[in-house]
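User: I have not looked at this one before. Can you walk me through it?

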Amino acid sequence: MNPPRRFALLFGAQFLGFGAMLPFLPAILAEGGLTPEQVGTVLAAGAMVRLVAGPLSGRLADQVADMRRLLAFTCLLAALAAVGFGLLAGFALLLAVQLLHSAAAAPIIPLSDSQAAGAVRAGGFDYARVRAWGSITFIIGAVAAGQATEWAGPRAVAWILAGAMVLTALSALALPPPGPRRAAPRGGLWAPLREPLFRRVLLVSALIQASHAAYYAFSTLHWQAAGLSAGFIGVLWGVGVVAEVLLFLRGGRLVDRLGLRALVAIAAGAGVLRWGLTAVTADPIALLLLQTLHAATFGVMHLAAMRAMVRLPAELSGRAQTLLSAGVSATMGVVMWLSGQVFAALGGLVFLSMAAMCAAALLALLAWQRD
């Protein structure tokens, strides 16, 4: 099996599990006897653990000789925690399971991207086309989890996650072996912040990716209040992911022709347009068109960040990926909390604040010097 197929299997396996778990974790916790307040506490605790575990694993990844084994270990630990979601109940036990799962799962995506960046750096393959399989299996996982929930209840989703994590571990071990290190790891955990390129990409990624916070948390409630059916809202979400998949499958060559700053400008500009219009319209046709911009606001920014990661020194790869992931997650968490306050007061106008974040990214872009 050639390297692109091995990485496609790696991304496909992990996003199959994450796509299954993400929509249904609150339902699993509720079935385990947790109150809504306890569900919120458990989810928040997991987010805090991920902010610490991700960067620490990145530091460790830059020190180990073979990152594949570290990635496989974290996947198996995540699979073990997933079993806990399927078997245990009660606040204390499920909180412990969530803490374990969050610590184990936090490094999986950034370490996978770090491995892929190394392969791309060596002239291996088109990252966008390979990463598309993760988006495709995310949809499959969500659909499969919905069917499993109807047949056997929410806890059945935990077994999908566990199986996907085991498959991800096997896929990690099947990746091409790492090449010889060109330089010993230098600096501490925060060493990537000394790189001007990393600081710039961290800032604009945090602004643009976290501008999705109101969408992830409140778009369904907003559209339901506007009179849209649950079925149509599901279609809207699907259109966004399909647009992302098409970008990864078909847009790689176009993206390669554009410079890093052009990619960021496209993502930020699309965000200003998408969120600005989402704030003021609930017209079904308009929303369908706006949802196609997910390919730009999420997909283009993700590809831009990966392009920047490839250009960083190889010995910083693990720390850079995990710090980037942690920075985006931290910003997303803060913005999501603030969005709740704004949504309660102003409803759909919360999306104007998301448009403002993308406008701020455009201003940050103006300060860049040409690389």
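Analyst: Let us begin with helix H5, residues 91-105. H5 has 15 residues and reaches 20 Å from its first C-alpha to its last, close to the 21 Å expected at 1.5 Å a residue. The expected span is 1.5 Å times one less than the number of residues. Helices (H or I, at least four residues) are DSSP runs, numbered from the N terminus.

User: What kind of model is this, and how are residues numbered?

Analyst: This is a predicted model: local features need pLDDT of at least 70, side-chain atom pairs count only at pLDDT 80 or more, and totals for chains, interfaces and linings use all residues. Residues are numbered from 1 along each chain as its sequence is written, and side-chain values use heavy atoms, with hydrogens and water left out.

User: Back to H5. Which residues are buried?

Analyst: The buried residues of H5 are Leu94, Val97, Gln98, His101, Ser102, Ala104 and Ala105. They cover an arc of only 165 degrees around the axis, which puts them on the same side of H5. That arc is taken from the directions from the helix axis to the C-beta atoms. Buried means under 20% relative accessible area, exposed over 50%, and partly exposed in between (1.4 Å probe, protein chains only).

User: Where is Ala128, and how far is Ala128 from Gln98?

Analyst: Ala128 is in helix H7 and is buried, at 5% relative accessibility. Ala128 and Gln98 are 30 residues apart in sequence and 31 Å apart in space, C-alpha to C-alpha.

User: New topic. How many salt bridges are there?

Analyst: The structure holds two salt bridges. The term means a side-chain nitrogen of Lys or Arg within 4 Å of a carboxyl oxygen of Asp or Glu. One joins the side chains of Glu31 and Arg155, at 3.5 Å from N to O. Glu31 lies in helix H2 (residues 25-31) and Arg155 in the loop between helix H7 (127-152) and helix H8 (156-173), so the pair ties together parts that are 124 residues apart in sequence.

User: Glu31 and Arg155: buried or exposed?

Analyst: Glu31 is partly exposed, with a relative accessible area of 41%. Arg155 counts as buried at 15%.

User: And which residue does Arg68 pair with?

Analyst: Arg68 forms a salt bridge with Asp66, and their closest N and O atoms are 2.8 Å apart. Arg68 is buried at 14% relative accessible area, and Asp66 is buried at 15%.

User: How many disulfides?

Analyst: There are zero disulfides, a disulfide being a pair of cysteine sulfur atoms within 2.5 Å. Cys75 is buried, with a relative accessible area of 0%, and Cys358 is buried with a relative accessible area of 0%.

User: What about aromatic pairs?

Analyst: The count is five aromatic pairs. Rings of Phe, Tyr and Trp (its six-membered ring) pair if their centres lie within 6.5 Å; planes under 30 degrees apart count as stacked, over 60 as edge-to-face and the rest as tilted. Tyr215 and Trp275 form a tilted pair, 5.8 Å centre to centre with 40 degrees between the planes. The pair links distant parts of the chain, with Tyr215 in helix H10 (residues 213-225) and Trp275 in helix H13 (residues 260-278), 60 residues apart.

User: Which residues are in the cluster made by ring pairs?

Analyst: Ring pairs link Tyr215, Trp223, Trp275 and Phe351 into a cluster. Tyr215 and Trp275 are both buried.

User: What lies over the face of Tyr215?

Analyst: Arg274 does, at 4.7 Å from the ring centre. A charge sits over a ring if NZ of Lys or CZ of Arg is within 6 Å of the ring centre and within 35 degrees of the ring normal.

Conventions. Helices (H or I, at least four residues) and strands (E, at least two) are DSSP runs, numbered from the N terminus.
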